[in-house]
Structures are given as structure tokens and as C-alpha cells.
Amino acid sequence: MKKDDILLVDDNSENLKVLSSILKPKGYIIRLAMSGQKAIDSIKSKSPKLILLDVQMPDMDGYETCRILKNDKKLSQIPVIFVSALSGILDKVKAFEAGAVDYIEKPFHLDEVVARVNTHLTVKRQQEQLEEALKKVSQTQTKLFQAEKMASLGTLSAGIAHEINNPINFVNAGAAGIELDLIDLMKVLELYEKVDLKKSQPDISKRMKELKAEIDYDFIKDNLMSTIQDIKMGASRTEEIVKGLKRFSRVDGEEMLYVDVNKEIESNVKIIKRLTKKEIKFQLNLEKNITIIKGLPGQLNQLFMNLIMNAEQAIDQKGTIKIITSNKNGGVKILVADNGCGISEEFGDRIFDPFLTTKDVGEGTGLGLSISFGIVEHHNGKINYTSKIGVGTTFQIELPK
């Protein structure tokens with residue numbers, strides 16, 4: 001087991017010897033500094049697990065040394081115990097205000113010093129373990145977000161392939177049509193190039209008129225423009241689908257960005273509207289001057305996708321999904337309502353529990369609403385729902401600015 005190192009700071013060498021003689025036999029690595037500045041230099045070189053700091057020192061006293069450490073983000077988490085002959089209440093209060101975790105009066109007792117040092121080192125270790133555990137929880141949560149996102153993409157993939165095929169067919173058919181039309185037009189143009197405008201060439205002129213009639217020259221001219229418009233429309237639809245997928249599949253960093261809730265919702269509705277095989281009417285009532293909130297765009301996009309997909313899956317074959325956004329208390333309020341099958345009262349708030357699903361086996365991961373709850377909570381928002389069997393479900397989300 002790695003030994004904990006302790007920095008002893010005192011301008012009196014005898015005090016340092018006494019403290020060292022108490023703590024070294026207990027297995028601690030002892031480092032020494034005889035002034036506040038030397039202590040700071042030593043700590044910046046290598047951080048100790050704990051600092052025992054004298055109050056009365058020349059040039060820079062213990063209070064000032066402690067304040068400097070606590071104002072440095074990298075060093076502020078090191079626990080500091082003051083060791084001083086000053087026993088007044090004000091002295092102790094000043095020590096704690098400077099950032100100390102404890103205060104030992106001189107002359108100190110061996111058992112008291114050892115007990116206090118052990119206690120604060122134990123607390124420090126537990127704090128580090130907790131931070132490591134929270135880091136792992138955060139990493140696991142991120143993996144769950146991505147797992148749910150990939151599951152949703154898996155559900156959408158077949159429909160997406162079909163949906164992208166439609167506009168691509170526009171492009172392919174249009175390109176083939178233009179090719180055939182241009183082949184016919186080239187015949188006319190080849191004859192035109194043979195015409196000597198200074199001479200009368202009745203045979204070529206006659207042949208050009210006949211050829212134009214054969215290939216339906218006027219129709220080709222009009223059809224070319226129409227075909228080009230079809231190609232543009234197919235390319236535009238494909239671009240919209242790809243943009244929607246990019247929005248949905250993006251991975252967030254830690255930085256909060258400005259998010260237009262309406263745009264994120266519209267992007268998701270476009271994807272689901274094209275993919276669903278059901279007769280679903282989408283009613284969007286999105287406030288025009290919606291508040292732009294700060295958040296993680298990828299997570300918020302996933303939140304809206306989860307709720308809209310849930311609404312779509314709750315509807316049997318024909319129904320309505322209403323989505324309403326409005327400004328509330330400086331933030332944004334979002335309602336996603338469907339007239340689908342509804343959620344049984346027996347589920348209650350457990351509907352947000354991980355792996356709880358009301359869908360048939362293979363139709364859901366049971367993570368969608370749990371992750372949605374986590375996303376809302378991470379953005380300091382609120383989420384709740386009302387539902388009635390056979391009538392439908394409404395989810396309500398509030399996100400602060």
C-alpha cells in the first residue's frame with residue numbers, strides 16, 4: 001500500500017523534529033518546510049496528502065500561506081491542519097476562514113496529533129474514491145446515452161434506407177432522362193453545325209424540321225427543366241435526411257452551447273414523419289420567439305427524439321401527435337402529447353426507471369425514458385407526465401435558460 005506523504009511547515013526546527021518523531025513511526029512519509037514560501041514551492045513541485053501548518057512564521061504567516069493554497073485550483077483540495085500556540089477563539093475562526101480543516105493547539109499530545117491526522121487522511125481518501133466513483137458513473141451514463149442512441153438509430157435504419165432511396169431514385173431517373181434527351185438534342189445540334197448561314201440549304205433545313213418533330217423537340221426543352229427540378233428536389237430531400245441524422249448522432253463535449261429548441265424538434269419531426277408507416281398527423285405549435293437556452297445539443301436532440309418516438313410507438317395505426325413549445329419563467333416549456341394507448345397507473349414514476357418498458361420484447365431497450373429523465377436533470381430541468389389508458393399520454397418538460 002502506498003504511504004501517504006505529509007508536509008510539516010514551521011519556522012522552528014524543534015517543532016518539526018517533534019512532529020516528525022510522532023508521525024514517522026506511523027508509516028507516513030514526512031516532508032519539511034521552514035517558511036510559507038518554501039512550503040508553497042514544495043507543494044507546487046509535488047502535492048502532499050496533508051499539510052500541518054504553523055500560524056506564526058516570519059514574512060508569510062500560516063493564514064496567508066493557506067489562503068494562497070486555497071486560491072489555487074490544483075492545490076485547493078489538499079487538507080490543511082493548523083498547529084499553533086494561539087488558543088483564542090478568534091485565532092481558530094481565522095484559521096477556518098482561511099480554509100483549514102482542523103486546528104491543533106501547542107503543546108500538542110501525541111495521540112491527538114495521530115488521531116486527527118488519521119481522520120483527515122481517511123476523509124481525503126474517501127473523497128478521492130467518491131470522485132473516482134462519480135467519474136465512472138458519468139462515463140457509464142455517457143455510454144448509456146450512446147447505447148440508447150444507437151438502439152434508436154437501429155430502429156430507424158431500415159426506414160432511413162428506404163426514405164433515402166426515394167430521393168435518390170429522383171436523381172437517378174432524372175439523370176437517365178436528361179441523358180436520353182441530350183442524345184436526341186445532339187442530333188439536331190449536329191445538323192445545325194452543318195448549316196452555312198450565308199447559303200440556302202433546303203435539304204438540311206427540311207431534315208432538321210423532320211428530326212425536331214420526330215424527337216418532340218419542344219417537349220424535350222420543357223421536360224429538361226422539369227427533370228432538373230426533380231433532381232434538385234431529390235438532392236434537397238437527401239440533404240435534409242442526412243442533416244437530421246447528423247444532429248441526432250452527434251456526440252457532445254462538456255461545453256454548454258446555445259440551443260434553439262424549435263429547430264431541434266422540427267429536425268426530429270422531419271425524420272419520424274418520413275419514416276413512420278402509420279397515419280399520424282403532427283400538430284406543431286412552436287412559439288416563434290422561443291427562448292434560446294444553453295445546453296448540450298446532442299443530448300437535447302436525443303431527449304426530443306425519445307419522446308416523439310415514444311408517442312409514435314404508442315399510436316396503433318392512426319393518430320395525432322401534438323408538440324407545443326412556449327416560454328416559461330425565463331426558460332422553455334415543451335409538451336409532447338399523443339392520443340395513443342396510454343400508460344397504466346401502476347407504473348407511476350417508475351416509468352423513468354432504467355430497463356422498465358411497456359413495449360413488447362425486442363421493441364425497446366427500456367432506457368429511453370430513463371435517459372430522457374437524466375438529460376432533463378442534467379440541464380437542471382423538470383419532466384413529468386399524465387396518461388390515461390386508451391386516451392393518450394402527455395409529457396411535459398421545463399428547461400431553464
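Me: Is Cys341 buried, partly exposed or exposed?
Reply: This is a predicted model. Cys341 has a relative accessible area of 46%. Buried means under 20% and exposed means over 50%. The value lies in between, so Cys341 is partly exposed.

Me: Does Cys66 count as buried or exposed?
Reply: The cut-off for buried is under 20% relative accessible area. Cys66 has 0% relative accessibility, so Cys66 counts as buried.

Me: How many disulfides does the structure hold?
Reply: A disulfide needs a pair of cysteine sulfur atoms within 2.5 Å. The number of disulfides in the structure is zero.

Me: In which sense do strands β11 and β12 pair?
Reply: Strand β11 covers residues 382–388, and strand β12 covers residues 392–399. Seven bridges link the two. Asn384 stands opposite Gln396 in β12. The sense of the pairing is antiparallel.

Me: Which residue in the turn of the β11 and β12 hairpin has a positive phi?
Reply: Three residues lie between β11 and β12.

Me: How are helices α9 and α10 oriented to each other?
Reply: Helix α9 (residues 297–314) and helix α10 (residues 368–378) pack with their axes 9 Å apart. The contact includes Leu303 and Leu307 of α9, and Ile371 and Ile375 of α10. The angle is about 140°, and over 145 would count as roughly antiparallel. α9 and α10 are therefore oblique.

Me: What is the handedness of the crossing of α9 and α10?
Reply: Here the two helices are α9 and α10, at an angle of about 140°. Their crossing is left-handed.

Note on methods: Residues are numbered from 1 along each chain as its sequence is written. This is a predicted model: local features need pLDDT of at least 70, side-chain atom pairs count only at pLDDT 80 or more; totals for chains, interfaces and linings use all residues. Side-chain values use heavy atoms; hydrogens and water are left out. Two strands pair if DSSP finds at least two bridges between them. Helices (H or I, at least four residues) and strands (E, at least two) are DSSP runs, numbered from the N terminus. Buried means under 20% relative accessible area, exposed over 50%, partly exposed in between (1.4 Å probe, protein chains only). Axes are lines fitted to C-alpha atoms, for helices over the stretch in contact, and angles run from 0 to 180 degrees between N-to-C directions. Angles under 35 degrees count as roughly parallel, over 145 as roughly antiparallel, 65 to 115 as roughly perpendicular and the rest as oblique. A crossing is left-handed if the near helix is turned anticlockwise from the far one by less than a right angle, and right-handed if clockwise. Contact means heavy atoms within 4.5 Å.
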